[in-house]
Amino acid sequence: MINKKIKLNPDLFEENIDKKPTRDGFGDGVVEVGKEDERIVVLTADLSESTRANKFAEEFPNRFFNVGIAEQNLASVASGLAAVGKIPFATSYAMFSPGRNWEQIRTTICYNDQPVKIVGSHSGLTTGPDGGTHQALEDIAITRVLPRMIVICPCDYEEAKKATIACAKTSDPTYLRLSREKTPQITTKDTPFEIGKAIKVFESKEESVDVGIISTGILLHKVLKIANDLEQNGTSVEVLNIHTIKPIDESAIIELAKKSGAIVTVEEHQIVGGLGSAVAEVLAKNLPTPIEFVGVSDQYGQSGNAEELFSQYKIDESAILESVEKVISRKTN
Amino acid sequence: MGNISDEKVKELQLKATEIRKSIIESLTEAGSGHTAGSLGMTDIFTYLYFYALKHDPKIPDWLDRDIFVLSNGHICPGLYATMAHAGYFPVSELQTLRKLGSRLQGHPHREYLPGIETSSGPLGSGLSQAVGMALGIRIDYGKTTNRFVYCMVGDGELDEGQNWEAIMTASKYRLQNLILIVDRNNIQIDGYTEDVMPLNDLNEKFESFNWHVQEIDAHNFEMIDDAVGHAKSVFDKPSVIIANSIPGKGVEDFQRKPEWHGKSPTKDEAKNALKELRTLAGKIKCDQLD
């Protein structure tokens, strides 16, 4: 059942659930934290409206910089601002930042240990009709490999807002992965958020469960609906929201693996190098457990609407259910 | 600025010669590293650290300091030697260059060595960082601040497109507290710049991006001083100083030869080079040397 303690949206399974994009959470969050802390500056590479950086630009024009369509420059100018004491949020599409400018992020931000926050909107298949060129499906892999980098993938508007405010208060380089589409409001203002701490969003009172599902980002809503259906049909399940992919909450993952003995990971990203890989790294070392990976399987996306693409690339409801069945059948006891 | 005394010039020339000797010694001990560019920019390094920069080697993170960004990080043996002579760390430490555990990394790392403003080496990103620093300083100190950001790039480095992104940004924000120095030595790893990727008329290029442009002899302290003085007085524009330099300057055998871009001298080569620097072979006039 839904974890009552974390105060999720009571309308979670309603048809008319409120929807908002995670990028809006960033846009509102950065204005809020910008009011408290004058060191916050925001940069964009010709995408101020799309990334919602425009809200900050209107409020604090002297602390906003548009560097044009130049993502390499974007990352390094942000590094320079950080070097003189600012806390920069550098915004663009995930495909181009951290995609195109990866080496600048590595050297001038992470190697240099500057507190720059890379904000990549329009990640994943939900970028939809724009097609495969614009659907970042590799960004978690290329950021989590960087020493010092914090990687956060919020599940909804509220979590994105909290993540924005929380990362502004750390001195760590951070990647904030956001989406364009309006997605269901899973959490509320009262849901806890702490960088690096996974949230058990669906729990069972039993000592052991049939399966544990681990997800990140906007697919969490789909996962929760599936968990609810599974439970009603007699399959016991727990669900972890891993909003922080790096540093990953090892103990929460190990605990879930102990309780379930079978894990399914669900993400809007390539299976190679993403959340599933991160979970597998934890479990292979600490508690080898059967895992099934739901994600994009070594392919590029194409044009289509989000739901069509989820089904085409097998990260839809039936793919998740299939993986649940499969992983349970692989359990040894 | 722009009125440096003859005495000061003489003093800087002497200092530059000492620094060149240290460069040869540390590169020879390291057994690898970039000789030509380090020697070619020694006079400008010397001018900056012994005359122009507002800095305090004892308080490297002094808040009101000027900032020097070395974008072409591979010529750090020149910067390290200059910093050592300026008092940032003991000259003897130059012998640890490129060795395990050394503060003097093969390409500079700001966390290893206090006084290094940014880690650099991968070419093309230093100017963007300098732009960010100049913007940040302007937020805190105002547009007409006297706190300057100096950035050095190699001419071959200008092949990197990111420089031109940064050049546009500096111009857009009219960063008058930014001074770019281009080491125009005409060589890069694979040969002469105009063969590998022609830069053509750099002055015209920068002018068309609305920068204030000056071109100087990188080994003439009066010209360096004059150009920096002018650059600091320019209003509403970033400044570039195109510094025509002789790669390997000071040692006849190393001069103007692309093969000296990325290697260090052998012990024998170093011996000859040091002898030449001691006598200066008549190239740098200074009566006070033996």
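This tour goes through a predicted model, stop by stop.

**Stop 1: the sheet in chain A**

Start with chain A and show its strands. Seven of them make an open sheet with mixed pairing, in the order E3-E2-E4-E5-E7-E6-E12. Now colour E3 (64-66) and E12 (244-246) of chain A. These two strands stand at the edges, and each has a single partner strand, so one side of each has no neighbour in the sheet. On average, neighbouring strands here are turned by 20° against each other, direction ignored.

Next, select residues 150-152 and 174-177 of chain A. These are strands E6 and E7, which pair in the parallel sense over three bridges. Across that pairing, A:Ile152 stands opposite A:Leu176.

**Stop 2: where the chains touch**

Show both chains. In chain B, 24 residues are in contact with 28 residues of chain A. About 2,000 Å² is buried between the two chains, and carbon and sulfur atoms give 53% of this area.

Look for polar links. Between chain B and chain A there are 16 residue pairs in polar contact. On the chain B side, H5 and helix H6 (161-172) are the elements that give two or more residues. H5 of chain B supplies the largest share, 10 residues.

Two salt bridges also run between the chains. Select A:Arg148 and B:Glu111 for one salt bridge, with the closest N and O atoms 2.8 Å apart.

Now pick B:Gln129, in helix H5 (residues 126-141) of chain B. Is B:Gln129 buried or exposed? At 1% relative accessibility, B:Gln129 is buried, because the cut-off is under 20%. Its contacts beyond nearby sequence neighbours include A:Ser76, A:Thr108, A:Asn112 and B:Thr118.

**Stop 3: salt bridges within the chains**

The whole structure holds 30 salt bridges over all chains.

- Select A:Asp130 and A:Arg180, which meet at 3.6 Å, N to O. Both lie in loops, so the pair ties together parts 50 residues apart in sequence. A:Asp130 is partly exposed, at 39% relative accessible area.
- Select A:Lys200 and A:Glu238, whose side chains meet at 2.7 Å, N to O. This pair links strand E9 to strand E11 of chain A, 38 residues apart. A:Glu238 is buried, at 1% relative accessibility.
- Select B:Glu117 and B:Arg65, a salt bridge of 2.8 Å, N to O. Again two loops are involved, so parts 52 residues apart in sequence are tied together. B:Glu117 is buried at 14%, and B:Arg65 is buried at 11%.

Finish with A:Lys200, A:Glu238, A:Glu255 and A:Lys259. Salt bridges that share partners join these residues into one network.

Note on methods: Residues are numbered from 1 along each chain as its sequence is written. Chains are lettered from A and ligands numbered from 1 in the order in which they are written. This is a predicted model: local features need pLDDT of at least 70, side-chain atom pairs count only at pLDDT 80 or more; totals for chains, interfaces and linings use all residues. Side-chain values use heavy atoms; hydrogens and water are left out. Two strands pair if DSSP finds at least two bridges between them. Helices (H or I, at least four residues) and strands (E, at least two) are DSSP runs, numbered from the N terminus. Axes are lines fitted to C-alpha atoms, for helices over the stretch in contact, and angles run from 0 to 180 degrees between N-to-C directions. Buried means under 20% relative accessible area, exposed over 50%, partly exposed in between (1.4 Å probe, protein chains only). Contact means heavy atoms within 4.5 Å. Buried area is the accessible area (1.4 Å probe) that two parts lose on being put together, summed over both. A salt bridge is a side-chain nitrogen of Lys or Arg within 4 Å of a carboxyl oxygen of Asp or Glu. A polar contact is a pair of N or O atoms within 3.5 Å; within protein, one must be able to donate a hydrogen and the other to accept it, and residues adjacent in sequence count only if both atoms are side-chain atoms. Lists of a residue's contacts leave out its neighbours within four places in sequence.
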